[in-house]
Structure formats: structure tokens, C-alpha cells
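Read it with the sequence and the model side by side.

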Amino acid sequence: METLVYKIEDPKNAPRQIAAAAALLKAGEVVAIPTETVYGLAANALDPAAVKKIFEAKGRPQDNPLIVHIAEKEALYEIAAEVPEAALKLADAFWPGPLTVILPKKPCIPDAVSGGLSTVAVRMPSHPTARAIIRAAGVPLAAPSANLSGFPSPTTAGHVLDDMNGRVPMIVDGGPCGFGIESTVITLAGDKPRILRPGAVTPEQIRAAIGETQVDEAVLKPLKEGAAAASPGMKYRHYSPNAAVSVVPGDLKTFVSYVLRHREEADHCLCFEGEEAFLPLPAFTYGRADEPLSQTRRLFDALRELDEAGASRVFARAPVPEGIGLGVCNRLYRAAGFTFLTDPPENQGMILGICGASGAGKSTFCSLLAQKGAVIADADAAAREVMRAGSPVLEALCAAFGADILLPDGSLDRGKLSERAFRDQESTRKLNAVTHPAILRLLVRTAFDAFHAGKTAVIDAPLLFTAGLDRLCDLTAVVTAPEEVRRRRIAARDGLSDAAIDARFKAQRGEAEKAAAADIILRNYPPFTPEKECGRLTDTIEAYKKERNI
Ligand code: TXA
Ligand code: MG
């Protein structure tokens, strides 16, 4: 069968395409349609023969029921045998939108749709193209996610085409899905409202609308052997890429620590944006750590990307399973077949991050800490190491800033690079793009090697907070000194011109603001002495270690 792909940006401007999709649906065919959650594989919900084609196209087990999609709230009464007060409240609060409600079904709903159950799942999507197609078809549409059974749900028409090419006559391309994970499923057919599948509509939001609501155990745990599934979908392998994914629960530091220790046991990571440079393996990202909706939008995409990259074993980062994060964890845990990896806490040291503007005198403090047995992961040393003569980073810098940044012996002329790289924002950005990931990777590795050996590691980095390294630290400190003092120190040490010093200070201004969040402020100017200030620091470190039995 040939699969046509119809692009519809705005259904109002695409009456012919909508009519063509509706005609196929009326004729008992299957059409893949966009929704705000994921793409659906739609057919006339009242026509058992049409519904059967969905199961064939997906390779879906017959006992796994489908969601019926409607375009108006009133259509609920044609499908559900009872419409309790709570259903109306939910519809008012969340429809059209990413919520599916399970209710006792009317006889017009074929067994093929309900998987032989006495209930039916109903949802009114908010995607304008989905609603235009349902309206034009004139019937409710049964639609599961448009992936091959067991694989990650499709969030673009391209994903659908990958799975369904030759299996369905038409795919309607409405662009990438806004939410990216499937709707929240709640049953109102039992004693108490119960969430069977979490999604973008959170348990908290549902409780605010209808009061007490349970969350099914199987949302975050594998179904116990022999236990009946409240939702047949819970039984099956789900969302799985071909790669074997394992979740490393906990915060970023726990994740980085685990991956560094076990880097031989995987070939890829799945993490949040901005974390890639800390990891020793190639990484794919799904959204930002602090933005759950950016995670839902990207999760299934990222799982598919891992497969395309040929990943075979993947360490995955997970959000806290709360709010929308509950939906993210539900999909990710299933994709991982509920495999979790954790390291015992034994033999772990601690990590201190130190920052401070140029000339503040971080290195003085680091030397004092090193005398007391701390291992220093020094950003300057790491920079020199990754930019050593003949290194790939140095080659990339020559390509960006000119081969004459090299001295005759092939090593870097730091003064010349500084001049060029700090002359404007674009140049600084270029420098950072080339050097930062390599420097960060080396710094993090050095620090965690010490941390894993039970030592105190110090990450000495002028851009500690800007680079997000503070999130890997147990404690952070900032070394300060007045600008006049710092200027004098830099002039004496690096022999830079006033203009070059100005440029350097300007580049560090953002960091100075962020560093205000450091746990400890170390004053490196008279009348304070580094020895005394460092004493205060080591007291804090000792107290921290004692509290945690390090
Ligand atoms: O966002 C969504 O809900 C997407 C888009 C296309 O609307 N659809 C979707 O459908 O995710 P599907 O078939 O992939 O997932 C439906 C889930 C399955 O786990 C199924 O077992 C469950 O809902 N379900 C459907 N009817 C049910 C019923 N009567 N009782 C319990 N669970 C039901
Ligand atoms: Mg599905």
C-alpha cells in the first residue's frame, strides 16, 4: 500500500486535505493524525472492521483497548453509558486537552475498541487538525499512538512514516506534537477515581478539580506477576528503543558519578541539556532539568535518536517523579524495562567548587587546600592540557582564530589567543564552544576520580556557576577581592594591557552575579589573610563531612 503524507499547518486553509482524510476514515480506512500529545492511528470507532485494521497496522495485541476521540463534549453521551459528575468536571477543566476518561461503555462501542471490557476510554483532543478531521468524518475516532506496538510513540510525522510506511494509506503531518507524551488516563469506572497513566495533566490538577484521586501502583512499578492490569497497556513492553536503557535515579551528581565509574558498561547517555559536557560518553538530551514540558516534548524523539545512532547500552537520567515528571518517569521507566542502577555510597569523598574573578586569588586557596590533602581539578591546567601542542582542540582553535596563534614550537601563544578571543562576544562564544566541553570533561573526570577514592576534590574553575559545575559540588566557595586589587595582581602576573583586563572582567560579569549563591565567601584582601579565610573553609568542609560520615 502506498502511504500519502498530507501536510496541514492550519486546518482552516486545508479543506481539501481534511476532506480527503475524512473520506478515507468514512470508507473504513486508517489515517494517522496529529494530536497535541502524540500522533494517533485513527479509524471509525463504530466500525469493527475499520478498527481491526488499526491493530493489524500496529501489530497490537487484541486485548489492548483503544481511546475514542471526540470533537465536542456532548459526544460523550453517545459513547458512555453513564456520565458521572466527576466526568463533567474533568471535561470542563481539561477538555479539549491531554486527558482521557474511562467510563462504562454504550453498546454501540464494539468489543474491538474496548478490548472486550465493559468500559471505554474517551478523550477530546485540543489539536485543531485532529478536531477538524473528527468533525469532517462525522464519527468518533478510535486512535492508539501511531507507533509499531512496543516502540516509542511518534511525536512527528517522520516518526509515523518510519513505523507505518506501507501500512496505512495516509499520514496527516501537523508538525511536532506540543506535549510529546500521551494523555493522562483516569478511570471513573471503579470505586474511586484512579490515574492509570500519568501525562501532562497532573494528579495535583486532577485532585483540584474532583478531589481524592489515586495513582495506580503500576505507574512507576512493574506489574506484579499474576496481578490483573487495571489498564491492559500496563502489561506490555512499551516505549522501548532497541537499545537497552537503564535509569540511574537521583540528582545530576549521582548520575555523573555513576556514569564515570561504569563508563565501560554503556556506550551512550540520555541526559538533560547542558549536562553532556560532564559525561564521558556521547549523550542525547531530552529537555531541560528544570522544565518538565521540555522533557515530555523530547523524550520519545531522543529514544528514537539513540536507536538511529546505533546505541546498544544507555545510562539515562530521570526527573523527580512528581507533577509532569511522573509522566516522564512512567514512560522512561518502561522504556528501561524498570532497570535501575545505583552505586553504594561507600568510599566517596566530597567535591568542593571554587570560583572567583581573575585576580581574586583562587589558586592561593587551592594551594592551601592541596597542602591539606585535597586533589585540585584546576580549569587552567585542564585548559592547558586539552590545548597542548598537537591536540584536536588546538587544531580547532587554529581553524577558528588563525594558525598564527601558535608559537614556533607548535604550542599555544596564550596572549595572542586572549587578544583575539576576547575582542568581541562572538569570538568569545567561538572560543568557549571549542574549548569548554573538553575542559569540563577533563575537570569532571579528575574531580570524580578523587571523589571515588574517598578524597576531597576541589574544582577550581572561574566559570563554575556559568558552566553548571556547581551542581556537581557538595559545597561551593567564591574568592573575592576589590577590582583595584585584582587589576594590580593580573597586571603583575600576566602582563596584560588595561584593555585586555577590562575585556576579561566584562566576560566574567555574569559569573560574578551567579557566584553570589556560593555557600562560602572567602575574602582575599587586607586585612584578611588567605590562611585564616582558608581555616574557615576547612572548618566548613570538616563539618560537612562529619554530618555525612564521609
Ligand atoms: O494521547 C493519547 O492518549 C494518544 C493520542 C493518539 O490520543 N493515544 C494513546 O493511545 O496513547 P494508546 O492506545 O497508545 O494508549 C491507550 C492506553 C492503553 O494503555 C490502553 O490499555 C488504555 O489506554 N485503555 C484504553 N481503554 C481502556 C479501558 N477501557 N480501560 C483501561 N485502560 C484502557
Ligand atoms: Mg501507545
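Helices (H or I, at least four residues) and strands (E, at least two) are DSSP runs, numbered from the N terminus. The peptide bond from Pro526 to Pro527 is cis, with omega near 10°.

This is a predicted model, in which local features need pLDDT of at least 70, side-chain atom pairs count only at pLDDT 80 or more, and totals for chains, interfaces and linings use all residues. Residues are numbered from 1 along each chain as its sequence is written, chains are lettered from A and ligands numbered from 1 in the order in which they are written, and side-chain values use heavy atoms, with hydrogens and water left out.

**Other backbone details**

Another cis peptide bond runs from Trp95 to Pro96, with omega near -5°. Pro96 is found in the loop between helix H4 (85-94) and E5. Phe338 is not a glycine, yet its phi is positive, near 60°. Phe338 belongs to the loop between helix H11 (324-335) and strand E16 (350-355). For background, most residues other than glycine have a negative phi, and most peptide bonds are trans.

**The sheet of eleven strands**

Strands of a sheet pair through backbone hydrogen bonds, either parallel or antiparallel. Here two strands pair if DSSP finds at least two bridges between them. One open sheet has eleven strands in the order E1-E8-E2-E3-E7-E4-E6-E5-E9-E10-E11, and its pairing is mixed. Its edge strands, E1 (4-7) and E11 (214-215), each pair on one side only. Within this sheet, strand E2 (residues 31-33) and strand E3 (residues 40-44) are antiparallel and share three bridges. Ala32 has Leu41 in E3 as its bridge partner.

Helix H8 (residues 203-210) lies across strands E5 (99-104), E9 (184-187), E10 (194-197) and E11. Contact means heavy atoms within 4.5 Å. Axes are lines fitted to C-alpha atoms, for helices over the stretch in contact, and angles run from 0 to 180 degrees between N-to-C directions. On that basis H8 runs at about 40° to E9.

**The sheet of four strands**

Another open sheet has four strands in the order E12-E15-E13-E14, with parallel pairing. Strand E12 (244-247) and strand E14 (283-285) are its edges, each pairing on one side only. Neighbouring strands of this sheet are turned by 25° against each other on average, direction ignored. Helix H10 (residues 292-308) packs on the sheet and touches E12, E13, E14 and strand E15 (313-316). The direction of H10 makes about 175° with that of E13. Strand E13 (residues 268-271) pairs with E14 in the parallel sense over three bridges. Leu270 stands opposite Phe284 in E14.

**The ligand site**

| Side chain | Distance to an oxygen atom of ligand 1 |
|---|---|
| Arg60 | 2.8 Å |
| Ser183 | 2.5 Å |
| Arg197 | 2.9 Å |

Taken alone, ligand 1 exposes 680 Å², of which the protein buries 97%; accessible areas come from the Shrake-Rupley method with a 1.4 Å probe, and for residues only the protein chains shown count as cover.

How values were computed:
A polar contact is a pair of N or O atoms within 3.5 Å; within protein, one must be able to donate a hydrogen and the other to accept it, and residues adjacent in sequence count only if both atoms are side-chain atoms.
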